[in-house]
Amino acid sequence: MKALVYEGPRQVKVADVPDARVERPTDVLVRITSTNICGSDLHMYEGRTDLETGRVLGHENLGEVVEVGAGVDRVQVGDRVCLPFNIGCGFCANCEHGRTAYCLTVNPGAAGGVYGYAGMGPYQGGQAEYLRVPFGDFNCLVLPPDAEEKEADYAMLSDIFPTGYHATELADVSVGESVVVFGAGPVGLMAAYSALLRGASKVMVVDRHPDRLQLAADIGAIPVDDSRGPAVEQVLDLTGGTGADKGCECVGYQAHDPDGREEPASTLNDLVGSVRATGAIGVVGLFLPQDPGGPDQLSREGKAVFDLGEFWFKGQRIGTGQANVKAYNRRLRALIHEGRAKPSFLVSHELPLQRGPEAYEHFDRRDEGWTKVILRP
Ligand code: NAD
Ligand code: ZN
């Protein structure tokens, strides 16, 4: 089958690889029809991980079931399914509590399993014609009859919609609250969208890319352009000096330096500064510990910069980690099905898999207009 494979730093290619197949009785085989490129793929693309060459990328997958193992009861051939990026078993101590990003069965000793991802188990990705889905009954979200008509919306359910929602859940966003979101990438835009769905009264989104800030404005958020002055000051101005009730970190370690300071940028400290005392902060941006220095917000020792003292003094709370996609997926699917959410607003490109390498280049450079790419094998 054809698949997009990692070849080395900033090199991916579409190649012939062994066909994905049912290997265990609990597996489901899916013919992929939509597979998105994610900001998280860029960590591997840029060569910041130890991913081996030849691995198929892609953890945001959707398609049609073409084969099921003998032990699969619920999912059927012909079902249209969206596949949460975390692979869970459904029966370990973490999965039992909805913490499927931290499944103890699929990648023991590490933080769960993910398709086509460094350090997250041996699983192949879905930027390919077919994908093997382990524990298929648990890991397939079966879609309603409008699956094809709303495919670009449902494709956002594999990762970024639930991840954005997770940021608002970690920050415990409640009706009527004000929220500041750092980062207007796909994840930040989904966090802002989720905050609005949860009834936030005012959502401010910080970034500097005009196209991304425009999308934030389009959904009813207030764009905060940090190239025009410190974000913290702008957010304090917008909230009468007290700061936002809640905050979401949707940038991760690959941050631009907002004001040319000597020290590394710190969206974490900017959040502490722009969220009110006793407010809460949800961090879904990824801080890869093994990538010291460089044009990002890690210290020379490769540590995230976080001022615990100021955070403590303000009595704030913080939640972190990967999104437990399964925990939100049914509810977010219902919002799409009933026409109450349309997360595909941020999809900028739908391209054949063959054009994947070119799409990676554009998305990696944050080229204007390349917000979210769906590849179609
Ligand atoms: P992205 O790189 O497209 O978006 C990040 C945005 O942040 C960019 O638009 C960039 O201009 C902006 N930014 C950079 N520095 C900034 C600063 N100092 N202040 C404000 N904004 C700044 O990536 P994405 O796809 O939106 O993903 C964002 C992060 O979320 C990544 O770290 C990704 O790995 C992570 N992620 C986490 C999960 C999870 O489960 N927790 C899932 C998916 C993605
Ligand atoms: Zn992703």
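**Packing of helices, strands and domains in the predicted model**

In helix 11, the buried residues are Val-325, Tyr-328, Asn-329, Leu-332, Arg-333 and Ile-336, where buried denotes under 20% relative accessible area, exposed over 50% and partly exposed the range in between, with a 1.4 Å probe and protein chains only. The structure is a predicted model, in which local features need pLDDT of at least 70 and side-chain atom pairs count only at pLDDT 80 or more, whereas totals for chains, interfaces and linings use all residues. Residues are numbered from 1 along each chain as its sequence is written, chains are lettered from A and ligands numbered from 1 in the order in which they are written, and side-chain values use heavy atoms, with hydrogens and water left out. Helices (H or I, at least four residues) and strands (E, at least two) are DSSP runs numbered from the N terminus.

Helix 11 comprises 13 residues, 325-337, and spans 17 Å from its first C-alpha to its last, close to the 18 Å expected at 1.5 Å a residue, the expected span being 1.5 Å times one less than the number of residues. A bend of about 30 degrees occurs in helix 11 at Arg-331, taken as the angle between axes fitted to the seven residues ending there and the seven starting there. The cover over the buried residues of helix 11 includes strand 6 (86-87), strand 9, helix 4 (151-155) and helix 5 (160-170), and just after the helix Gly-339 adopts a positive phi of about 80 degrees.

Helix 6 (residues 186-197) has 12 residues and reaches 16 Å between its first and last C-alpha, close to the expected 16 Å. Because 10 of the 12 residues are buried, helix 6 is largely enclosed by the rest of the structure. Its buried residues pack against helix 5, strand 10 (178-182), strand 11 (202-207), helix 7 (210-218), strand 13 (244-249) and helix 12, contact meaning heavy atoms within 4.5 Å. Gly-199, which follows helix 6, has a positive phi near 95 degrees.

Strand 5 (residues 80-83) is covered on both faces, with Arg-80 and Cys-82 buried on one side and Val-81 and Leu-83 buried on the other. In a regular strand the side chains alternate between the two faces of the sheet. Strand 5 runs antiparallel to strand 4 (residues 60-68), to which 4 bridges join it, and also antiparallel to strand 9 (residues 141-142), through 2 bridges; two strands pair if DSSP finds at least two bridges between them. Val-81 stands opposite Gly-63 in strand 4 and has Val-142 as its bridge partner in strand 9.

Two loop residues were also examined. Thr-49, in the loop between helix 1 (41-45) and strand 4, is buried, with a relative accessible area of 16%. Its side chain reaches the backbone nitrogen of Leu-51 at 3.3 Å, and, not counting residues up to four places away in sequence, Thr-49 touches His-43, Met-44, Ala-118 and Leu-288. Asp-367 lies in the loop between helix 12 (356-364) and strand 17 (373-376). The side chains of Asp-367 and Arg-365 are joined by a polar contact of 3.0 Å, that is, a pair of N or O atoms within 3.5 Å of which, within protein, one must be able to donate a hydrogen and the other to accept it, residues adjacent in sequence counting only if both atoms are side-chain atoms.

The chain is divided into domain 1 (2-159 + 323-376) and domain 2 (161-320), with bounds from an automatic or database domain assignment. The contact between them takes 32 residues from domain 1 and 23 residues from domain 2.
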